[in-house]
Amino acid sequence: MCHVPRLFKLLAVLASVVMAGCASSVARVDTWEGQLPATTKPAVLQAPGEIQVISVNGRNMTNFLIEDLALDYGLLPGENEVVFRYKTIWAKSGVVRNGESKVHVIESSTQVARFTASPDAVYGFEFDKPASRQEAETMMESFSAKIVAGNGTLVAVSEEWDGQSRLTDSRTPVPASGGESTSRPQEGSTLEQLKAIWADASDEDKKAFLRWAFE
């Protein structure tokens, strides 16, 4: 039997991979526009599947979201402003009525983390891991996430986003260099790109993706 909603979800995944063509690699989404100088070494922000990055330095990132899949974001060295949400799903117990979602969706308020990125540095998110849906719901009442450097140093703690940017300088677009653009299609077919993403995904991300795709 053909499940049309599932087909639409899979098509959405294909579209997300195609739209990520401006990333410098399959695994990383660059958050700037234009060509960086050759001497610039971007930082990387690693976002797990529970974190949905909405914008970086005012640039919309939702086109690149593949729900519940971890993504790396390339950051310009210097001041950065990352707007995001925490989202997790929990299976419903008991009988689910026809047409009703099979999962509970727990989502935080929109958060913002501001920090200064060092060239070629790697950063990640840290937050409490709830053991149950009830714990997740309680956690959302005062949710915040930490941004930590690769050596474990705390660089920022998120707060609720009020919609007001505090960037002191324009971060995007980057002035063009030599008339080239970074928005070039990636090599290989969409299928090959999907295979590459799947190969790099953890077992936990693969399971979360399959639950979402066939929900």
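## Helix α2 and its buried face

In this predicted model, helix α2 spans residues 133–140, and Ala136, Met139 and Met140 are buried in it. Looking down the axis of α2, the buried residues fall within an arc of 100°, so they line one face of the helix.

What do the buried residues of α2 pack against? Their partners are two strands, β6 (78–91) and β7 (103–107).

In soluble globular proteins, nonpolar side chains tend to be buried together. Here the largest nonpolar core has 31 residues, and Tyr123 and Phe125 are the ones that touch the most other members. Two or more residues each come from the strands β2 (43–47), β3 (51–56), β5 (71–75), β6, β8 (111–117), β9 (122–126) and β10 (146–149), and from helix α2. The largest share, four residues, is supplied by β6.

## The largest pocket

Now for the empty space. Rolling a probe the size of a water molecule over the atoms shows where such space is left. The largest pocket has a volume of about 430 Å³. Its lining is made of 18 residues, of which Glu50, Thr88, Glu204, Ala208 and Arg211 are the closest to the pocket centre.

Strand β6 and helix α4 (203–213) each give at least two residues to this lining. What classes of residue make up the lining of the largest pocket? There are eight charged, seven nonpolar and three polar residues.

## Two loop residues with positive phi

Asn57 has a phi near 55°, a positive value in a residue other than glycine. Asn57 sits in the loop between β3 and β4 (59–60). Is Asn57 buried or exposed? With a relative accessible area of 6%, Asn57 is buried.

Asp120 also has a positive phi, near 65°, and is likewise a residue other than glycine. Its place is the loop between β8 and β9. Asp120 has a relative accessible area of 55%, so Asp120 counts as exposed, the cut-off being over 50%.

Notes:
Residues are numbered from 1 along each chain as its sequence is written. This is a predicted model: local features need pLDDT of at least 70, side-chain atom pairs count only at pLDDT 80 or more; totals for chains, interfaces and linings use all residues. Side-chain values use heavy atoms; hydrogens and water are left out. Buried means under 20% relative accessible area, exposed over 50%, partly exposed in between (1.4 Å probe, protein chains only). The arc is that of the directions from the helix axis to the C-beta atoms. Contact means heavy atoms within 4.5 Å. On a 1 Å grid over the protein atoms alone, a cavity is a set of points where a 1.4 Å probe fits but cannot get out, and a pocket is an open set with protein on both sides within 12 Å along at least five of seven lines; lining residues have an atom within 4 Å of a point. Grid points are joined across faces, edges and corners, and a volume is the space filled by probe spheres set on the points. Ala, Val, Leu, Ile, Met, Phe, Trp, Tyr, Cys and Pro count as nonpolar, Asp, Glu, Lys and Arg as charged, and the others, Gly among them, as polar. A nonpolar core is a set of buried Ala, Val, Leu, Ile, Met, Phe, Trp, Tyr and Cys residues joined through side-chain atoms within 4.5 Å.
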